[in-house]
Amino acid sequence: MSYLLLFIGFALLIKGADFFVDGASKIAGNLKVSPLLIGLTIVAFGTSSPEATVSVLAALEGNAGVALGNVIGSNIFNITLVIGVTALIAPLAVENETVRKEIPFTLLAGIALLILMSDTALQALSENVITRSDGFVFLLFFTVFLYYIFEVARRNRATQTNEQSAPTAPWTKNILLTVGGLAAIIFGGDLVVDSATEIALAFGMSETLVGLTIVAIGTSLPELITSITAAIKKETDIAIGNIVGSNIFNIFFVLGAASVISPLAVESKIFMDISLMIILTVVLLVFSRTNFRIGRREGAVLAAAYIIYLIYIILRN
């Protein structure tokens, strides 16, 4: 029964995110927002809704390993397999602003997480915990990111004032799609947390490993599907913006909200995963600076890195 509920939960997460992104993206289009900005905000936040729902619900139920592992695992999955597979389908052009500002902001998020959870090393405490105070710090960082996005949106709209207006999509239908998708995401997330934790206990797996693998991959499927679809449609701005925005959202908002709800105890083995996430973000930055594109060769390297990582964490458990 747990497997069936897990499958239903993932189906609701993916389809709910699909409806949410579809409706919200069309609303954003009516507001004359650039594709990159749509990727960084509406699409990124929409596809990250499963991670947010799962981690917040896991925090409410005291499953800190699932909450933290889900975010770290999802970010690693996004940087490696999602960008890797997407670049193999169609090389991704990366805007100068993304290389100079958005990807470094993603790197800042990873470093901030590593610092705030290193209580035993930096403060000589008995255990590592992401406290409520740390959560508020993350949410403040997220507020700064939103302010930056709003400024970009304001400048973007100013440059489009003389352009011909595109036909607007029906507001009512898209609002219903957005609200209905969000409801499916929340309900699906609840099913995923409960069933995945039950399966993990039955197999003797740790909550952190479940979060890093089953839950992280499942909740990152919307990012994978969205980015691949965007690449096929030659909307590479949406594809890269989706991943960069999702990773920022996952750390600053998802972990921020989850730890404000309930402080998250940190297992020592997760430090390796966070360090790898930071290294992979640096690799992404280096790849992006190469002619401001991520080609098929770089995509193959990133995809292979995830396969190696997945084998490592399974053997580690």
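Biologist: How many salt bridges does a search of the whole structure find?

Modeller: The model is a predicted one. Side chains of opposite charge can pair when their charged atoms come close. A search of the whole structure gives a total of two.

Biologist: What is the N to O distance in the salt bridge between Lys101 and Glu97?

Modeller: Lys101 and Glu97 both belong to helix 5 and are four residues apart, which is about one turn of the helix. Their side chains meet in a salt bridge, with an N to O distance of 3.1 Å.

Biologist: Is Arg100 buried, partly exposed or exposed?

Modeller: Buried means under 20% relative accessible area and exposed means over 50%, with partly exposed in between. Glu97, at 27%, is partly exposed, and Lys101, at 32%, is partly exposed. Arg100 has a relative accessible area of 46%, so Arg100 is partly exposed.

Biologist: Is Ala109 buried or exposed, and what is the C-alpha separation of Ala109 and Ile278?

Modeller: Ala109 is also placed in helix 5. Its relative accessible area is 0%, so Ala109 is buried. Ala109 and Ile278 are 169 residues apart along the chain, yet their C-alpha atoms are separated by 9.0 Å.

Biologist: Where does Thr197 lie, and how far is Thr197 from Ile214 in space?

Modeller: Thr197 lies in helix 8, residues 171-203. With 12% relative accessibility, Thr197 counts as buried because the value is under 20%. In sequence Thr197 and Ile214 are 17 residues apart, and from C-alpha to C-alpha the distance in space is 10.0 Å.

Biologist: Are helix 9 and helix 12 roughly parallel, roughly perpendicular, roughly antiparallel or oblique to each other?

Modeller: Two packed helices are described by the angle between their axes and the distance between the axes. The axes of helix 9 (residues 207-232) and helix 12 (residues 296-316) come within 9 Å and cross at roughly 140°. The crossing of helix 9 and helix 12 is left-handed. An angle over 145 degrees would count as roughly antiparallel, and helix 9 and helix 12 are therefore oblique.

Biologist: What is the phi of Ala124?

Modeller: Most residues other than glycine have a negative phi. Ala124 is placed in the loop between helix 6 (119-123) and strand 2 (129-130), and at 69% relative accessibility Ala124 counts as exposed. The phi of Ala124 has a positive value, near 55°.

Biologist: What accessible area do Met1, Leu4, Phe7 and Ile8 have together?

Modeller: Phe7 has its place in helix 1, residues 2-30. At 61% relative accessibility, Phe7 counts as exposed because the value is over 50%. Met1, Leu4, Phe7 and Ile8 form a nonpolar patch on the surface, and their accessible area together is about 460 Å².

Technical notes
Residues numbered from 1 in each chain as written. Predicted model: local features only at pLDDT ≥ 70, side-chain atom pairs only at ≥ 80, totals over all residues. Heavy atoms only, no water. Patch = residues over 30% accessible without salt bridge, like charges linked within 9 Å, V, L, I, M, F, W, Y side chains within 5 Å. Areas by Shrake-Rupley, 256 points an atom, 1.4 Å probe, with all protein chains shown as cover. Salt bridge = Lys/Arg side-chain N within 4 Å of Asp/Glu carboxyl O. Helix = DSSP H or I, 4+ residues; strand = E, 2+ residues; numbered from the N terminus. Buried < 20%, exposed > 50% of the residue type's maximum accessible area, 1.4 Å probe, protein only. Axes fitted to C-alpha atoms, helices over the stretch in contact; angles between N-to-C directions. Parallel < 35°, antiparallel > 145°, perpendicular 65-115°, else oblique. Left-handed = near helix turned anticlockwise from the far one by under 90°.
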